Every structure is written in structure tokens, then in C-alpha cells.
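Me: I am new to this structure and would like a close look at a single part. Please walk me through it in one go.

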Amino acid sequence: YANTLPQDKQILDWEKKPYEYGTYINLTYFLQHALRIVEKEPRQKNGNITQSLRKALDKSDEIIRQYLELNRCDYIIEGEAGSGKTHMVCWFALNHKSPCYVYLIHGAQLIPSESVEKQICRLCGFPDLTLAVLDEKMATVDKYGVVIIDAINECSSGTFWIKQLNVFRQIFEKYKNLKLIITVRTGTVNLGTLERHTILGFENVSEAVNRYFNAFGVPKYFDWKKFKGDFRNPLFLRLFCDSFRYLNGYWQNDLKQIDVYLAYIKKRNEKISELVDEDIYKNVSEKYLLKIASYSLYYNNCQDISREKARSIGDCICRGRLWSQSLLKNSLDENLLISMPDYECIENEVVGFHFEKMGDFLRAYVLLNSKTDFTKKIDQLMEWQKFAKNHDEFEGKFRGLIGAYIDIYEGKENLLKNWAFKEGPLREYLVEALSYNTKYNKDIIVLLLKSMTPALVRTLVVKFNDLGSEEIFTLHKTLLRMTMPESDA
């Protein structure tokens, strides 16, 4: 998306172009259309929900305007999957009041075989020009040109580009009137000293929950407060409400995130089963996604798998289907899977989970239900941990996997007593589980505090919105016991 070209022409007539999934070219028009419902039909379901979304999005212009005033050429927006990074930058691109022209690119569009500068110019709609020319044009109108690369990690070449962040900085440092904004999933890479803004989700969780529950008809007697940390994430709250009637009573007991994702898949399965001409009760969608998760986990280091392999797995479940009735096509159409170019060979494509966190939980679910015993599962996790330390592209995926595994594991008391988590190499990853758990947060924090480091303290402080008063008080007492150099580090 670009709100204007250097020649001051509009790129697209949004009203006439249908939305092409994954390109982000006209996503902002459809976002604008959804937000109009608030004024036109405030009592409709979507409008009711959008009012909560608007409050968060309205702040994006102020946040990015503050960045434009800084003497920096780059800025990172990080957040958990589903926290609202894409909505934030799309909203800014469409409604900004800052003195700038915005150019929005999706990370999946980048390829390593072409220089960064050439790709940015091509994707922004002026392939024959250079960033130097764009910089000059911005100077003549006394405005900034803001290039936004959304979800740079959520593509097959994500790790490659994350390693090139310094290259992006070096390019944009040369131009006084060009700024760069990149969104990235939290935990994907160590961002070091890069300036960043962290999105945590809804500020007023109670208000958001009430609006969503009213819109989707979730019973008011459902005790949602124990899931306050989970419902802070807009995507998870939407998935929960959308699939509530498929939970089959799990919510009455100890509901876990994996239950919500499986219920959401079951809902999507109704339409997919019809499209592939299969019995709905066979739940082929769940079988298919778990098979893909298993192959990704055991044979591809939790990375996306080739499109050819994804098609082959689907054809083994639903045999003899043409492309129009294949599990792969219909899972892509129903937004359970996403297909992207393979950066190692751009003529090919890879297939991954549309919701990254759902992929984390499905892989953890596969590991938990494998036939190996508890000790061998822990040994396997430690093997992957060693591999992750030497392979950046696996590190972020492993953190998501182990956080999800801890969440869905039933005997957490035994898990926390295990040497690998208590004193061994897996202890540092316990902090990832704080994003998912509420019941065992205090036990996890007490274990972590036994050898607290300044870096770990900072991580826990960032997670304050997900922690209860008891956990925060425990952390506070530990900080008081630290020396001044330790607490200031």
C-alpha cells in the first residue's frame, strides 16, 4: 500500500479492487470499511467489537508521530502473535495525521535474491526510481516518506531479513527524509538496543471482553477473569468467542488455549468437509493440521513445510480429490494455513499456519501425545534447545513450542520439579510459559527468582500486565534484595 507515489498519483482504486489475501495492497480499505460500521450501525455485532479496537488504534498515530520526531531512521514494533501489530500499521497508513507519505509492505513479499533498496522501490510502485529520488521529492514537500515492513518474521525468509536489520538501518541512515518501521513477533530475535514499541494487546481487558461476549452471545456467567492474560490478546479473544459453542464444556473446567484452537479448527471443519466432500464427523481438518504440525516438528525444525509435502499429506487423508476439493486449497481458503514464497527457491512455495501461536500449540500437542515417555520427551526438548542455541531460525519457534508445551502439560508440579526445568538448560524458557499460564505463574516465578538475573527481571517487568498481584509482590521482594548495581543493570 502507498497513499501516494512520487508523481502524486493514487496507486489503486480501493472500491474496485477485490482483496487479494496476503498482498496487503488494499487491506486498509477493508479495515476502513469495517470501522465505518461503528458510525453507521453501532449496534451491529461487528460495530460493537470495533469500538474496542478503535481505542487502541487511535493511539498508533501518536506513537508513530513521536518516533518521527526522534533523530532515528528505524523503529521496531514488536508484540505477540495476534496482539494487533498489523492493525496498528494499517490504521496508521490509512488515517495518519502526521506530515508523511506512507508505504506499506508485507514481509512475505521480500526475497533475498534482490537488493533491499530495489525491492522497496518496486513494491512501493516506482520500480524505475531510487530511494535517493524519493528522499529528494519528500524534501521538496517538507514531509517524511515512511516505509513500513509488516511481519518481517512471518515468512519463509523471515530469519534472513531479521539478520539484515543493520542493513536496513545503514540504507535509511543515508536519507534525511525517509523513515523505516518494522513489525516483528516478540521472541523471534534478540533486538538488542534497537528502538522499539511493544504492543501488549487490549489495555482495558474487561471492556473488550464485555463487548466481544455481547456480540457473540457468550454467557455472562462464564468466569473469564482467570483468562485475563490470554484475553488481552485480541486475536485469541476473537477465536475464543467465535468457537465458544464448539468447546463442548471444556470451559466449565480447566480451559487451555489448545482447547480453543481445536474448537476453532472444528468450526472451520464444517465448511471444509463440505467443500472436500467428506463426512463432517471425521474431522479431517484437525487430522490434517496435526499431521502438518507433526512433520514440521520432527522433520523440519518447526519451520514451514513445502507446498508439495502439504498437498501430499492432505491427499493421504482425502484421497482422489482434484485441486478444487483438496484439503490444502480449502484450508488455505479458510485461513487455517498460509502459503508463501520459499526464499531458498522463489519459484517454490512453503505452507505454514495462518496463526503462528496456533502452530506452536499444535506442535506442542503432537509432542505431548506422542508415545514416548516423559523422560524421553524432556530429553528431546533439551536436544532441540541445543540446536536452537546455534540456529537463530529455530530459536523463536522453539520458544513458542516450549511455552505451549508447559501450558498444556497436565502435571505441571512434576514438570517444575524436573531437573531440566528446575536447574538445567530449560529453566530460562519457563518465562515463555508466563504468557499462557495463570494458575502456575507464582510457582514458575518463585523457581526463576532463585537465580534471578537483571535480564530476567526486565523480561518479567514487561509481562506485568499478564501477572497477578501475588506474582508482582514476589518479584518486588526479590528486587529489594538486589544490590543497586544489580537492579540498575
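Which residue in β4 is the bridge partner of D74? Please describe the sheet around that pair too.

Reply: The bridge partner of D74 in β4 is L180. Keep in mind that this is a predicted model.

Start with the two strands. Strand β1 covers residues 74-79, and strand β4 covers residues 178-185. Six bridges join them, and they run parallel.

Now the sheet. Five strands form it, in the order β2-β3-β4-β1-β5. The sheet is open and the pairing is parallel. β2 and β5 (196-199) stand at the edges. Each has a single partner strand, so one side of each is left without a neighbour in the sheet. From one strand to the next, the twist averages 20 degrees.

Strand β2 spans residues 100-106 and pairs with strand β3, residues 144-150. Seven bridges join these parallel strands. One of the pairings links L104 to I148 in β3.

In a regular strand, side chains alternate between the two faces of the sheet. In β2, C100, V102, L104 and H106 point one way. Y101, Y103 and I105 point the other way. Seven of the seven residues of β2 are buried, so this strand is largely enclosed by the rest of the structure.

A helix belongs in the picture too. Helix α7, residues 165-173, lies across β1, β3 and β4. Its direction is at about 165 degrees to β4.

Last, the wider setting. The chain holds 24 helices and eight strands. Buried residues make up 52% of its 489 residues.

Note on methods. Residues numbered from 1 in each chain as written. Predicted model: local features only at pLDDT ≥ 70, side-chain atom pairs only at ≥ 80, totals over all residues. Heavy atoms only, no water. Helix = DSSP H or I, 4+ residues; strand = E, 2+ residues; numbered from the N terminus. Buried < 20%, exposed > 50% of the residue type's maximum accessible area, 1.4 Å probe, protein only. Pairing = 2+ DSSP bridges. Axes fitted to C-alpha atoms, helices over the stretch in contact; angles between N-to-C directions. Contact = heavy atoms within 4.5 Å.
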